Every structure is written in C-alpha cells, then in structure tokens.
Amino acid sequence: MPPTMNVQGPRNPQRHAMAKMPAGGMKTIRRLLSYILINYKWSLVAVLVCIAVTSVATLSSSLFTKTLIDDYIMPLMEQDQPDYRPLAHALMILGALLAVGACCSYIHSRLMINVSQGTLRRLRYDVFGHMQKLPIKYFDQHAHGDIMSVYTNDIDTLRQMISSLPNLVSSVLTITLTLISMFVLSVPLTILTILMSFIMVFTTRKLGTLSARYFRAQQENLGKMNGFIEEMLTGQKVVKTFCYEDKAIAAFQELNENLRASVYNANKVANIVMPVNGNLSNLVYVLTAIIGAALALNAFGVPTLLAALSIGTLVSFLTLVKNFTRPVSEVSQQINSIINAVAGASRVFNILDAKVEDDGDADVTLVNAREEADGQLSETSQETGVWAWKVPQEDGSFRLQRQYGEVDFFGVDFSYPVNEETDPGKQPKQVLFDILLDTDAGQKIAVVGGTGAGKTTIMNLINRFYDIQDGKIEYDHIPITQIKRDDLRRSLGMVLQETHLFTGTVMENIRYGKLEATDEECIEAAKLVNADDFIRRLPNGYNTLLSGDGSNLSQGERQLIAIARTAVANPPALILDEATSSIDTRTERLVQQGMDRLMQGRSTFVIAHRLSTIRNSDMIIVMDHGRIIERGSHESLLEKKGKYYQLYTGNAMGL
C-alpha cells in the first residue's frame, strides 16, 4: 500500500468541537510530559516562571488603571498647578514591569519552540530507530501509508499538543489571578461575570457537539479522497493503458464534492462559535459597564461597603472582564487541541510499544575465521573467505564451528500471525505442513510450485523473519533460535523478486550490501554478475544518480544492481527469490553465468518460475499447498512424470 498523502485539509478541523478524552488519554498525556521532562525539565521550569511573570505583569497593568484614575488623574484634576512627577514615576515603574513581561513572553515562546521541535526530533528518531528493530510481520500487518502518517500527521498533532500545554497553564493562571482580583474589586460584578461565562461555555458546548459529527464526516471523506489520489498516482501507467482517465475524473469529482459538502457543513456551524463567543463577551462587558456605572453612582442605594465603586475601580474591573472572558474561551479550545492530539500521540506510542525482534537466549554469532596448519579454526578480524559459528560453551569458553550452509527442516508447521488490531479473534491459517528438508553443504536447492504453494514462506523462515509454531529448523546443525538474528541474516545473501533501489548513485546502491566496501570491490561485484557493461554506458557510469526506486533504469537493470549488491556482501550462503524473473533471455544467460560464479562453493536456495534456470540444481523441491510433494534431481523428477514433469512440460497452469 502506498504511503498516505498529506493532502492539506482545513487546519485543526476540530478546534471548536468539544472533544471527549479517549480511553487512556490521561496516561498518554502523562507519558508525553515525562518524555519532555527527560531532556527539557529546566526549560519547562523557565517557561512556567516566564508565564507567571507575564501573567502578573498583565494583571498589574489592569489593576494600575484603578490607581491611575483614583490616585493620580482625579487628584490632579482638582489641583491648580498639578505635579506630574509622581504620575511619571508610577508610569515608569509600570513600563518597566510591562517590559519585563514582554521579555518573559518572548523567552517563553522561544523556549517552547526549542522544547517542541527538540521533542519531535527525538520522537521521530526514536520511532524510526524502533521501527528498524520491528519484525517483518509488523510491516505485513500494518499499511505502509498508515505508518508514514505517524511521522507526518500524528507527530504534527503532538506539536500542537506541546504548544497548547503551556498556553493552557497560562490561561488557567490568568483566569485564577484575574478572578481573585475581580473579587477584591467587586463581588457583585464578579458574580455577574461568572454567570455570563457559564453561558458562554454552555453555548460553545452545544455548538461544538453539533459540529463534531460533521467534522467526523469531513475526516472520513478526506481519507477516501487521499486513498483515491494515491491509487491514481501509483497506477498512472494502468490508467493510461486502459484509457481510464475520464472514469477517474468522474470518480474524483464525486469524492471531491462529498468532501466539499462535509467541510461546508462542519464549518457552517463551527465558524459561528467564535463570533457568538465574541458577542457574548461584549455582552458581558456591556452589562458589567451598565451595572458597574450604576453601582459607582450608587443608583441602587445599597450600602457603600457592599457595592459602591469608584470610577477607577470600574474602569479597572472592565479591563479585567476582557482579560477573564478571553482565556475562558481559549481554555476550551486548548483542551480540545490537547484531547484531539491524544489520538495521534497514542499512535506514536503504539509504534514505540510494538514488540521488537528479540534474540532471547540466542548467543551464537558468525565470525571470520582462519584455518591453521593443523586444521583448527581461529577467529580473525580480516576477511578470509572462511566463516565460522562462534558457539559459547558451559565453561564460558567458545568453540568455532565452520559455516557450511546446511539447512535442515524437521516437521515444520507454520501459520502467518493474525493482526489482532484489525482481525480480533480470527484464527491463523496454516500455510506449511510437516516440512522435512535435509541439505548438504554447497548444494544448490531449488524450490518450485504454483502460486501460494509456500515457496517464499520457506525462505522467510530460514531468515527467521517469522518464528515457526511447531518443529525445528537447524543451520549447520545449530537450531536457528540459538543464532543471533543479525548474524543469521548476515550469513544469507538474499536477492528478491521485487528489487528496491535507494536514492543515490549506482555505486552507493551496490555498496549497500557492504558499507565498508571499496569502489574496486563494488566494480568487481558488478563485473561478476555482468552488470558492469550497462553501468558504464549510463550517463555518469557508477556515479549516475538513481531516484524513484531506479525509475530511470529498466527492470532488468535494477535487478542486476540488486544482484551486484548481494555479490559485494560476499555472504557464505545465498537465497535467490525469482532473482532473474524480470530479465530478458539474453541478459538472463549473462546473469546466470555470473550467478553460477557467485554460487560456487556456497549453499544456495533458489525460487524460480523459469524451470530452465534450475536444471543443474542438486535438489529440486516441489511444493503444493504448503506441502513438499516431490524432491530429487531434474532428471529423476522428469522420470517420475509427476507434478514437476507437468510444470516443466507446460501441462499445468499457474506457473
């Protein structure tokens, strides 16, 4: 499945909907906070200090209005020759305080940029590093596009979440300090403001609930359109071959219209939330001003100590009202942003929690060895062409056992694991039944059979991409569960039917098989498999840049580079899974010559559809529906006139 495209939809589409915290949401938030605190504890402390200073500075400016009017402006208006020096001194102090608040706000913003981007960088690094350790079955069970979206969409939601957390703290602190100050200035007006704020919150919840279902439909339609675009991009050759363009345009138009309608309905409701909140905030301000003015003039005739206000107190209180209603509206949005990001954070942590490949008690490693005059093996750091298994002994010593490449299966049964996330309760389907296989060192073993017979599965088990349910597999008479996975796979050079070339030069792609290989070794490997000739005809030879999985090369040329990549690794044993399936007959003859040289002295397992390429195999295994039904040499199998005879003579379908 191709990776999910990041088609830009409406930014933060659920910002107005009152989201509900998903199951395990608080645990996810605590985990993210602990993740941040590991590296940025003191930065967060500094952020909290800056937030506190900024909030105090903002509150001080609002409260200063009362002092400014009651203690300076009103007395100055009654003086014949006013002295402005005390006022100037007070304004200078306020200006300094506001300057400190502005600096703290700037420092807080810069620190949070560093904290958020640094945390996301570490998350991406940890997710990618952890992904490299996951077993093949994980990638078989999870769509590649879904995994890609974790690196893009889901980690981006964490950026919003990390940014929202300090803003939430700031808003809560501002509300708390402002509310205390309002109670100090006027209890009746504060109660009025709180009642109106509850109305704002209630209205926001009702409108948010109404728009939430529209936003869900919007996200579903956006996902459908993304998937359709991916299919069209990856299948352009098929689209043009079968003249599907008009049909594709019509299908896209329908999906596009569905997305437009859902976005319109969602935003039709959501976009009125802010104007409604704004007008309710203005209504609170107006009602407070009217009632406050009446209290200031003592129009209600209430006791002075209970309700009477000075002009400065009223003006200061009205400023606090604005400071109070704005964070009240922001808090709900910030909480929504955090809650909506929890789902993305959970997906990120799901990858980090996925079980990696574990060697368990495996302790056998593969080492370079040197054969001494007496025939004994000794370990060496130099490449000698002799490989040995380093097997620990009970007394703490090691013995070296020559690597021959003998692979034996003893009654192996295997079923591919079921993805419990997508298919809970589904029983795995058995694909291999009682596989018995005995090979000798240096043999060329060919595995043939129809589609779904289990050929590739056997190769996956030799590499231990999957673990068997029953039976035993031995490699040079050592159970493969006792061999460390990296060493096991290092002993097996593998050429797959589906080649994959990385962005880089031809030389770099060949060197991928052995990172420390010299240019000369890479060139020799290319010559060995007869790839040197066509590489030198490329525009820049070995320095030709490949991109798009080698789209500027033919399929056969890509396969030749993949074979050269295996050749430069110089592995003790080989697995060739349809290695020449995409090469024309003439090129196949050249490659086969190189492959024969590469296979010389090595145990080799070959999966082939072209039976002509395996005629010289030491043993041919014929599989059918997960069972070995025939085995023997090419000549002996033809004499039996069984399944292999039918396949070879072309009387059977499916191969």
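Helices α14 and α16 are oblique to each other, a class that takes in the angles left over once those under 35 degrees are counted as roughly parallel, those over 145 as roughly antiparallel and those from 65 to 115 as roughly perpendicular. The model is predicted, so that local features were considered at pLDDT of at least 70 and side-chain atom pairs at pLDDT 80 or more, while totals for chains, interfaces and linings use all residues. Residues are numbered from 1 along each chain as its sequence is written, and side-chain values rest on heavy atoms, with hydrogens and water left out.

The axes of α14 (residues 519-528) and α16 come within 8 Å and cross at roughly 120 degrees; axes are lines fitted to C-alpha atoms, for helices over the stretch in contact, and angles between N-to-C directions run from 0 to 180 degrees. The crossing of α14 and α16 is right-handed, the near helix being turned clockwise from the far one by less than a right angle. Contact (heavy atoms within 4.5 Å) involves E521, C522, A525, A526 and L528 of α14 together with A564, A567 and V568 of α16. Seven of the residues in this contact are nonpolar, none is polar and one is charged; Ala, Val, Leu, Ile, Met, Phe, Trp, Tyr, Cys and Pro count as nonpolar, Asp, Glu, Lys and Arg as charged, and the others, Gly among them, as polar.

Helices (H or I, at least four residues) and strands (E, at least two) are DSSP runs numbered from the N terminus. Twelve of the 15 residues of α16 are buried, buried meaning under 20% relative accessible area, exposed over 50% and partly exposed in between (1.4 Å probe, protein chains only). The buried residues include R558, Q559 and R565. N570, with a positive phi near 50 degrees, follows α16.

Most residues other than glycine have a negative phi. R464, in the loop between α11 (455-462) and β8 (470-475), has a positive phi near 60 degrees and counts as buried at 7% relative accessibility. D476, in the loop between β8 and β9 (478-479), has a positive phi of about 55 degrees and is buried at 2% relative accessibility.

N350 is located in helix α10 (residues 311-353) and is partly exposed, with a relative accessible area of 48%. The C-alpha atoms of N350 and V150 are separated by 10.0 Å, the two residues being 200 residues apart along the chain.
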